[in-house]
Amino acid sequence: MQSVNYYSTNLKANEATFKEALLKGLAPDKGLYMPQMIPQISKELMDSFSEMPYYEIAYHVANHFLRGQIPDEELRKITKDAYNFEVPLENVMNRCYVMRLDHGPTASFKDFAARMMGRLMNYYLKLDKRKLLILTATSGDTGSAIANAFYGLDNIEVVVLYPEKEVTNRQRKQMTTLGKNVKVISLDGKFDDCQALVKQAFSDEELDYLNLSSANSINIGRLIPQIVYYFYAFAKLRNQEKDEQIVFSIPSGNFGNMMGSMLAKRMGLPIKRLIIATNSNDEFPVLMQKEEYHKIEPSKDCISSAMNVGHPSNLARLIALYGGVMNEKGNISKHPDFEQMRRDIFAISISDEQTKETIKEVYEAYNVILEPHGAVGWAGLTKFLHNHPQAPNLLCVSLETAHPAKFPEHINEILSLDPELPPSLRGIEDKKEFITSLDNNYDSFKAFLKKNYK
Ligand SMILES: *Cc1c(COP(=O)(O)O)cnc(C)c1O
């Protein structure tokens, strides 16, 4: 089988190998990298997934995209090391399940992508005897996911900036108690100030020697790992005797997760329908309905806060998959096949009020605790099933993208109980913190970088 190259959705950059696309992130024409052909998973291999642990399925799926780009045994090592936690499938009612993607080190589904991307990057950097410095600004969760994913990797250093007064104690400790190759800066300013300092560092030629990278969410290295759990859920839940299909409901913000499901479908996973559930940032459901795209600026502030995205960057990838072209600003120069999109996707927006009701109803009826993001997904699934009463025995999986204990205030307000912390979030209270406090100005940030990284 031939190896897969990657094209840019803006169609003005050269094709790249996986390694190039991974280390670049964004294509030079500001487009996003997409596989130029989508490999197929054979029926036999898919059948054998039922007997495999998660990390082995991850190896096989990733291997289809990385063939010729990394030795088999290296990829096996990487997937085994990245996926050392459970991926529970919890039955809720009939054949409807919640897949809990919240058992990783930061209790968010972002761990799946970030851990694998970090290890792949580290592999290539070692090979080239190079080092990379990841700079990232965070308002809480992204920073801890990145810091944890890259923690302990030899050829990668991490610097996280956070606004001193805008992160919770727990969010801060998830970053500051790591140490080793992770340095954390608390800034006397706002998230936007952190972001501005990071941007300025990226465009500062005097810092070129540091080999700066952002490890941001549009990297192709994050997309491929997000294909795996769709195959996993089907393999573990299917009835082997029957020719089954499956429905997934995906709470969506920047649409990286949904792109994973789309690629799984194109690789041969028998997905009957994908439910894309957004919060009140409904630019995508509106696009599907009216075939017109309007970003939401500024994005609306909903309780499923990781999904408050008014212009999902990964949308350009979806449009490309359906034959259209959308640039980084959101302008569509060639329409995708909207009719086919509607056959494949059921898009729906869920309000905060519906989200809270869903958390309450699911707890009362089934004794299952969802958090705001997962509840948006479940509410989307409920609406879909209501519109399709002819399919009572359909196999359905709704994704839970974070652990309820990350949102204790919301859960307590709605259910009057305190969700138990998962093991990954326990025990950080007493650990030592490593923090550097800096004034909110570029000179002190630059001096910090030059002093710590020679
Ligand atoms: C990032 C995130 C999402 C949205 O995922 P996308 O891939 O950006 O659509 C949903 N839930 C949680 C908890 C997240 O952190």
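Predicted model: local features only at pLDDT ≥ 70, side-chain atom pairs only at ≥ 80, totals over all residues.
Residues are numbered from 1 along each chain as its sequence is written. Local features need pLDDT of at least 70, side-chain atom pairs count only at pLDDT 80 or more, totals for chains, interfaces and linings use all residues, and side-chain values use heavy atoms, with hydrogens and water left out.

**Exercise 1.** Describe how helix α6 packs with helix α7.

Step 1. Helices are DSSP runs (H or I, at least four residues), numbered from the N terminus. α6 covers residues 141-150 and α7 covers residues 169-176.

Step 2. The angle is about 25° and the axes are 8 Å apart. Axes are lines fitted to C-alpha atoms over the stretch in contact, and angles run from 0 to 180 degrees between N-to-C directions.

Step 3. That angle makes α6 roughly parallel to α7 (roughly parallel: under 35 degrees; roughly antiparallel: over 145; roughly perpendicular: 65 to 115; the rest: oblique).

Step 4. Contact means heavy atoms within 4.5 Å. D141, G143, S144 and N148 of α6 meet Q171, Q174 and M175 of α7.

Step 5. By class, this contact has 1 nonpolar, 5 polar and 1 charged residues (nonpolar: Ala, Val, Leu, Ile, Met, Phe, Trp, Tyr, Cys and Pro; charged: Asp, Glu, Lys and Arg; polar: the others, Gly among them).

**Exercise 2.** How many residues of helix α11 are buried, and which are they?

Step 1. Buried means under 20% relative accessible area (1.4 Å probe, protein chains only). In α11 (residues 256-266), 9 of the 11 residues are buried.

Step 2. They are G256, N257, M258, M259, G260, S261, M262, L263 and A264.

Step 3. After α11 comes G268, with a positive phi near 120°.

**Exercise 3.** Locate the nonpolar cores.

Step 1. A nonpolar core is a set of buried Ala, Val, Leu, Ile, Met, Phe, Trp, Tyr and Cys residues joined through side-chain atoms within 4.5 Å. The largest has 104 residues, and F49, M99, F150, F231, F248, F284 and L318 have the most contacts inside it.

Step 2. Helix α10 (residues 225-237) supplies the largest share of this core, 10 residues.

Step 3. Apart from it lies another core, of 28 residues, including I275, V362, I411 and I414.

Note on methods. Helix = DSSP H or I, 4+ residues; strand = E, 2+ residues; numbered from the N terminus. Buried < 20%, exposed > 50% of the residue type's maximum accessible area, 1.4 Å probe, protein only.
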